[in-house]
Amino acid sequence: MVLQLLMMKVEKPVSRHQPEEWHRDNKSLRQATQDICTSSHDLRHQALHLRHQTSNKTSWDQTNSTTRLQDRIYEVQRVTDDLQRSLQQVNDEIASLEKAKHTTEMELEAHIHPLNIALECLTLRERRREVDLVKDKAEEELQKEVRVLERSRANLEKVVLEAVSHLRVLHESKQQLQDDIRDKLAALQVDRNQEALTEYSPQISFKPDPTRVPPGTILPVDWLDHSLKNMAMTEAAIKDSQTLRDKMCVIIQTARREDQTQQTATDYAVRCRLHEETRTKEELQWQKDKLLDEIREQEKEIANLEEQLRASSLPLKKCQTRLEGRTERVCHDLVRDAPQESLVAEVQHLTQTRTLLREKLAQALDSLHGLQRHLRTVDVDLGRKSLSVSLEKKVQDSRKALKEKPTPETLTQANLTLTGSLRAHPTHIL
């Protein structure tokens with residue numbers, strides 16, 4: 001009884017399981033352990049595979065991204081180098097065009113001096129008087145020279161304005177290249193900074209929405225087309241500039257050739273006119289000398305006629321006195337005898353002689369007056385010719401300055417400067 005009570009106190013009031021249940025439970029636990037271990041093992045292998053896969057993928061993606069960044073950097077750098085070469089070319093062309101423009105402006109300025117001389121020569125020749133103020137070959141050549149110089153100046157001014165306009169085009173192309181290069185350099189700096197980043201760089205961090213497409217993003221084709229378009233526009237502007245420089249060179253050569261040809265023709269016409277006027281002046285001087293000699297001879301002859309006229313008065317007086325004295329004879333002695341006849345004939349002869357002498361003296365005086373009048377006419381014309389010769393000599397002296405004008409550079413040097421072929425050389429020998 002006591003034992004039963006003790007047993008009742010040891011056993012708890014719970015349900016009891018059978019050994020089969022216990023074995024089944026152990027088997028179930030063992031199977032569960034095996035399943036979960038297998039599952040864990042599979043999971044670990046899958047995780048390991050995933051880690052290897054993601055690691056390889058990440059490494060490959062990083063390598064691929066880095067390679068693509070490097071390729072992009074190389075491409076941007078190549079395009080930047082091309083742009084910089086284009087920029088250097090446009091800078092060189094701007095310098096060459098500015099030199100050509102300066103040369104053309106100097107040539108334009110050099111035309112002022114001969115134009116002023118031609119106008120001065122025309123002004124000097126306007127001082128000729130009366131009949132000497134003729135529209136001769138020299139004046140026609142001077143007027144033609146003025147027209148040639150003005151036409152050359154107009155052509156030079158036109159090409160200078162074209163150069164100024166094209167310089168603006170070149171500077172615009174240069175600015176576009178500089179802007180493009182600046183953007184390319186900024187992009188290069190950004191891509192190089194990104195290419196230099198590593199997993200341990202302090203700048204890395206999570207970013208909100210890093211895969212967004214920024215506004216204004218363009219395609220690579222459009223990006224390349226933009227730079228190619230800038231370089232193509234620059235190349236076209238450079239070619240137009242080279243053509244313009246060649247045109248400037250041709251215009252300067254043409255202007256110099258036409259000016260020199262016309263100056264030679266004008267100088268020849270002035271020399272011919274000066275020779276003609278000098279010869280005419282010398283002929284007038286010879287006429288004057290001849291007139292003076294004739295006037296002196298005529299004056300001598302007039303003096304001789306007057307002296308002869310005075311000298312003939314005494315014989316006439318004597319003869320008339322004899323005749324008058326013989327009238328005092330008286331009666332039959334008043335005879336018309338031989339002496340009377342002789343005296344009458346002598347009086348008649350002397351009277352006729354004095355009449356002829358007076359007529360000849362009057363004619364000589366008229367001739368003298370005519371000679372003197374003509375001498376005054378010749379003197380006036382000689383004065384005009386002397387003035388014309390003096391003016392022509394002044395014109396010729398003025399035109400000597402055209403030959404004495406120093407030439408700053410040879411035509412070959414000017415052509416090389418205009419065409420951009422002149423390069424710095426230690427010996428300065430072309």
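Helices (H or I, at least four residues) and strands (E, at least two) are DSSP runs, numbered from the N terminus. The structure is a predicted model, in which local features need pLDDT of at least 70 and side-chain atom pairs count only at pLDDT 80 or more, while totals for chains, interfaces and linings use all residues. Residues are numbered from 1 along each chain as its sequence is written, and side-chain values use heavy atoms, with hydrogens and water left out.

His 166 lies in helix H4 (residues 137-195). His 166 is buried, with a relative accessible area of 11% (buried means under 20%, with a 1.4 Å probe and protein chains only). Contacts, defined as heavy atoms within 4.5 Å, link His 166 to Leu 97, Ala 237, Asp 240, Ser 241 and Leu 244, not counting residues up to four places away in sequence. The side chain of His 166 also reaches the backbone nitrogen of Ser 241 at 3.1 Å.

Helix H2 (residues 19-110) packs against helix H3 (residues 112-125) at an angle of about 15°, with their axes 4 Å apart. H2 is therefore roughly parallel to H3, a term for angles under 35 degrees. Axes are lines fitted to C-alpha atoms, for helices over the stretch in contact, and angles run from 0 to 180 degrees between N-to-C directions. In this pairing, Leu 108, Glu 109 and Ala 110 of H2 meet Ile 112, His 113 and Pro 114 of H3.

In the unreviewed UniProt entry, the annotation "coiled-coil region" covers residues 80-159 and 274-308. Residues 274-308 are 100% helix and 0% strand, and their end C-alpha atoms lie 50 Å apart.

Definitions and conventions: UniProt positions are given in the numbering used here, feature names are shortened, and annotations may be inferred rather than shown by experiment. Angles under 35 degrees count as roughly parallel, over 145 as roughly antiparallel, 65 to 115 as roughly perpendicular and the rest as oblique. Buried means under 20% relative accessible area, exposed over 50%, partly exposed in between (1.4 Å probe, protein chains only). A polar contact is a pair of N or O atoms within 3.5 Å; within protein, one must be able to donate a hydrogen and the other to accept it, and residues adjacent in sequence count only if both atoms are side-chain atoms.
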